[in-house]
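Hi,

Here is the structure I promised to pass on.

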Amino acid sequence: MSQTAEVIMLEKGAGHRGFQPGRISRGEILDLLDNNGLTAWFQPVFSRQTGEIFGYEALARLREKRTPPLDIGELFKRAQAEGIISTLDMVCREHAFCRAGELGFAERNAYLYVNICPATLMHPDHRGGATDRLAEECGIPKERIILEITEQEAIRNYDLFKKSVEYYRRRGYKIAIDDFGVGYGGLKMLSVIEPDYLKVDRHFVTNIDQDSFKHNLVDAIATVCHKLGITVIAEGIERPEELETLARFDIDLLQGFLLERPGPTLSRQRLAPLAVRDDASYCPEAHGESCAIGATVKYLEPLSPQQSLMNAYQRFTEDVKLQGIPVVDEQRVVGMLNRTHFLEKQMVGPYGYGFALSVNRVVRDVLGDDFLLVEAVTPIEEVVRRIKSRRGRHLYDDICVAKNGKYLGTVAINALLEAITQKSIQLAKGANPLSGLPGNEFIQRTVATFLQRKVNFDVCYIDIDDFKPYNDYYGFEKGDMVIRRIGQLIVDIVQPGVNDSFRFVGHIGGDDFIVITRPHASQQICRRIIDGLEGLLPEFHGEREFSEGRYYARDRQGEQRQFALLSLSIGIVSTEECPVNSYAELAFLASGVKRAAKQEKGSAIVRNRRESVRSQGSQEEGTAA
Ligand code: C2E
Ligand code: MG
Ligand code: MG
């Protein structure tokens, strides 16, 4: 099958870049290729957490100005339509590697993102090691190359595509999906490739601060990707408001004209303010004190990549408890030597000659890049999640910790377990005895910390309607069970602390719960909680009363009357829309909106007194408490 038969260009995706067929001819493209008319520019990709440059995306550019200017995206689309994409692609890669090499890429602690079309990737000519040779000639380590595969072409032969991707991955390249969300492949592409990186297309970033749909979508993509161990990049950031919004999500990497435009050199710029932002939005107190990994770190003398392997051998033999040694170059962690692996592979070796062969080698020669490096402010839960997504033999390796990208020390797995245990004990002390959830003191401290750090959040007050008659009628034991089950339901849906230091669940007391989420995330969560309760009603009321949709009990005046099945009244206060200065002020506002929710029959959500969302299916009779 020919390369053009394998893929179809996506007209829809082309639309947002203003594709106008015919603006560059086949002849002009061939002319550019024949006369060395192209070069590579680079646009930095920044780490959200450290503000430092994580990598550079190589982008094709014309050597000479053209009038009218040429849209580079269009050049690739035209080449695709003309069946010469693979040649163009390979030439551009050559420029990308050569220019990066000339500009001293190898000395930078960064990755190189190169765009590659699926057609080229699957082309038999490109699987003969041409990219390897090119990378080697230009001095670009393969492990630091990320192949960005655009989603804008439909893959017909997924088997071949998967094999092609695997071929590159086996050779050490990392894989990214580009333009995610506007292309053909979508989730199928994601599951076939299982990429290391995913670039959320500019379409979803543009005006994300004003569009709650995009807001929730990107937030959800980031959460899913983290569950899958995929690093997320947001591209096309043009406005400070977009950056501010994205900085609140679990987006790892950021790219766009606002941060830096593509240029002919490898920039050294750093985004200092972002690191501060991240510190500010993280709230350790929300999860118990000292729950950032930084509190557990111990300084361990690192090795440098230039040191002899004999230095490493000496360190391991002198200290038999030493499980790993970090390798640090100019204060950046570049690798980790694992004791067992090092001694078995380097010192013994498959034929027992390892020691002799290692005498003249340096640490850099044996460094793999499979080590875990986290920032000191990272919550412990997040570190655990990252550990779980590691591959087999590295699962129990020590973790390297950096502060603003600079080496700080390491954390051993047993120290991490100890920290988690301590945190659980601390949490248990302030917990509500019935639900085990953080109680009032904890709730107030959490809210106070958020307010102090001036981050916006949503607070949801959740109250069970007509709980007193339920308790009187079904008995305290069953009432306690309901409290526990509803508490657990809320926790299951909110997942406090998992991937998101904003998510918090507390038990105010009695039948009142509190949930804290990022701005805009609360309403959807509350709807899911109400849906979850509907599913529990047969268990709470028994089959007969559930099917009748009501039961009879005494009201507060002692009169026998009809009550609806259990429902929830939820009042949401968003600090973005209703600025507050203290916990007391927030509690006052929240109880006001909760009261408004109580006016509605059945389960209801009221947000900032303005919107009211009535739950379907729970509109039976009931009274406001
Ligand atoms: P892409 O891979 O999604 O690259 C990002 C494009 O967005 C680049 O356009 C970049 O200049 C532009 N960009 C970056 N930040 C912003 C921003 O904040 N706002 C806006 N409006 N644009 C931003 P460029 O260089 O014109 O490239 C267009 C497309 O052409 C690329 O999209 C990629 O699909 C393709 N392309 C470019 N260079 C190469 C290459 O060397 N090889 C291959 N195969 N494709 C390439
Ligand atoms: Mg790209
Ligand atoms: Mg893109």
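Below is what turned up, starting with the ground rules.

This is a predicted model, so local features need pLDDT of at least 70 and side-chain atom pairs count only at pLDDT 80 or more, while totals for chains, interfaces and linings use all residues. Residues are numbered from 1 along each chain as its sequence is written, chains are lettered from A and ligands numbered from 1 in the order in which they are written, and side-chain values use heavy atoms, with hydrogens and water left out.

First, the barrel. Eight strands close into it in the order β2-β3-β4-β5-β7-β8-β9-β10, with mixed pairing. (Helices, H or I with at least four residues, and strands, E with at least two, are DSSP runs numbered from the N terminus; two strands pair if DSSP finds at least two bridges between them.) Take β5 (residues 145-150) and β7 (residues 174-180): they pair in the parallel sense over five bridges, and E148 stands opposite A176 in β7. Helix α9 (residues 186-193) lies across β5, β7 and β8 (197-200), at about 175° to β7. (Contact means heavy atoms within 4.5 Å; axes are lines fitted to C-alpha atoms, for helices over the stretch in contact, and angles run from 0 to 180 degrees between N-to-C directions.)

Now zoom in on the metal. The magnesium ion (ligand 3) is coordinated by D178 (OD), D179 (OD), E235 (OE) and E235 (OE), at 2.0 to 2.7 Å. (Donors are N, O and S atoms within 2.8 Å of the metal, or 3.2 Å for Na, K and Ca; water is not among the atoms, so sites may look incomplete.) D179 lies in strand β7 and E235 in the loop between β9 and α12 (240-247), so this pair ties together parts that are 56 residues apart in sequence. The magnesium ion (ligand 2) is 4.1 Å from ligand 3, and D178 coordinates both.

Lastly, a hairpin. Strands β17 (residues 504-509) and β18 (residues 512-517) pair in the antiparallel sense over five bridges, and F504 has I516 as its bridge partner in β18. Two residues sit between the strands, and G510 in the turn has a positive phi of about 50°.

Cheers
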